[in-house]
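Thanks for making time this morning. I would like to walk you through one model, so please have a look at it before I go on.

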Amino acid sequence: MNSMSTRLKQLRIDFPFLVAPMVGLSHVAFRELIRVYTPPSIDALIFTEMLSSRRLPSERLERAENLFVAENESYLVPQLLGNEERFIAPSIEKLLELRPWGIDINMGCPKNKTLSHNWGVLLLGDKNYAAEVVRVTKKNSPVPVSVKLRAGMGDKIDLNYLDEFTAALEEAGVDWMTIHCRPRKQKHHGKADWETVQELSKKRKVPVVANGDIQTANDAIDLVQKFRVDGAMIARAATARPWILWQIAYALGCQDPARGRALPRPPLSPEEEGEEYFCAVKRFGFLLERYFGPSENSLQRLKFYIGVSSPWLMFGHDFWKKIHACREFSEAIDRIHAYAEANPQILQARVSH
Ligand SMILES: Cc1cc2nc3c(=O)[nH]c(=O)nc-3n(C[C@H](O)[C@H](O)[C@H](O)COP(=O)(O)O)c2cc1C
């Protein structure tokens, strides 16, 4: 494979493309779906959804569904919501049982519940406080510690502030960071400002990874090759094209087939991707059932996945409506099979959120 070495190599990460934390999506079944489509020679970091440091210490691993991991799962990065050592320390202890590659601290979540604990995006408002959270996490973690943050607290990006803020994280010992290059008020809509991450990565010694609006393998490769950031973190597009890491690896010269697909190369054309999308959704249904049973919970997870991924399908709304109307998990699976047979689809390269 063409060399794609960035500063993440300092942390022994050779493949600088990652899959983001997403509540309701980044569970064991989704992570396994991504791994099914990833060549075995590729070690990609995949995040869990954000996990509350107040709940983690009392959680039982065999019961808490958001802590389920696959038997051979590695390169896992659990994401922590927290700000106090008395919760962070026992949370890390619990997370170490999952054999994580690293621990990430959330400094971007704008949800009210998160804000009421003074964590998530609120940490972004006070660099000393945020740096202290990094220090405490580092002190308690034997694995690399990263931060995922937003590019601004309000509706604008302030590069000077971000420079000071990320310098404080660096000073506190953070090993690497991800910038979601949209400010808080922009939520997940519209274009992301990749130039800002480019500027910041020049200023930092630690690796800086870009996130936001990466929809295709080319977007991800451009970020690393042209914008020269240290990594590209893919979020929603990884639901529509769970084979995106395979496409990236293939474009960079990796000839290995994916772990769990018979195809010699990733789907490339819109038609191939449209066909593979339904194979992926069926496989996802199978994995949901394996990990969570044919339950109401699996049905909700399936609906949510299709809700997030179907905008990339040319007529995805119709598919989503049909699945959304299902009352039973088995009914949804039957409809997916019937729909896939009757409706050849194409996947669009990019959509506007
Ligand atoms: C359904 C959903 C759940 C998310 N949950 C998290 C989360 O748990 N932690 C986090 O840091 N970001 C979370 N995010 C933000 C994503 O990680 C990412 O920053 C955002 O979607 C922008 O990337 P994209 O434009 O490629 O989707 C979530 C986003 C979505 C759509």
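Before I name any partners, a word on pairing: two strands count as a pair if DSSP finds at least two bridges between them. Please also keep in mind that what you see is a predicted model.

Let me begin with strand S6, residues 176–180, which is joined to strand S5, residues 145–150, by five bridges, the two strands running parallel. Within that pairing, Lys 148 has Thr 178 of S6 as its bridge partner.

Is S6 buried or exposed? Five of its five residues are buried, so the strand is largely enclosed by the rest of the structure. In a regular strand, side chains alternate between the two faces of the sheet. In S6, Trp 176, Thr 178 and His 180 lie on one side and Met 177 and Ile 179 on the other, and all of them are buried.

Stepping back, the protein is divided into domain 1, 7–251, and domain 2, 270–342, with 15 residues of domain 1 in contact with 16 residues of domain 2. On the side of domain 1 that touches domain 2, helix H1 gives the largest share, five residues.

Finally, the ligand is surrounded by 23 residues, the closest being Ala 20, Met 22, Met 50, Ala 235 and Arg 236.

Notes: Residues numbered from 1 in each chain as written. Predicted model: local features only at pLDDT ≥ 70, side-chain atom pairs only at ≥ 80, totals over all residues. Domains from an automatic or database assignment. Contact = placed C-beta atoms within 7 Å. Helix = DSSP H or I, 4+ residues; strand = E, 2+ residues; numbered from the N terminus. Near = placed C-beta within 6 Å. Buried ≥ 20, exposed ≤ 12 C-beta atoms within 10 Å, placed from the backbone.
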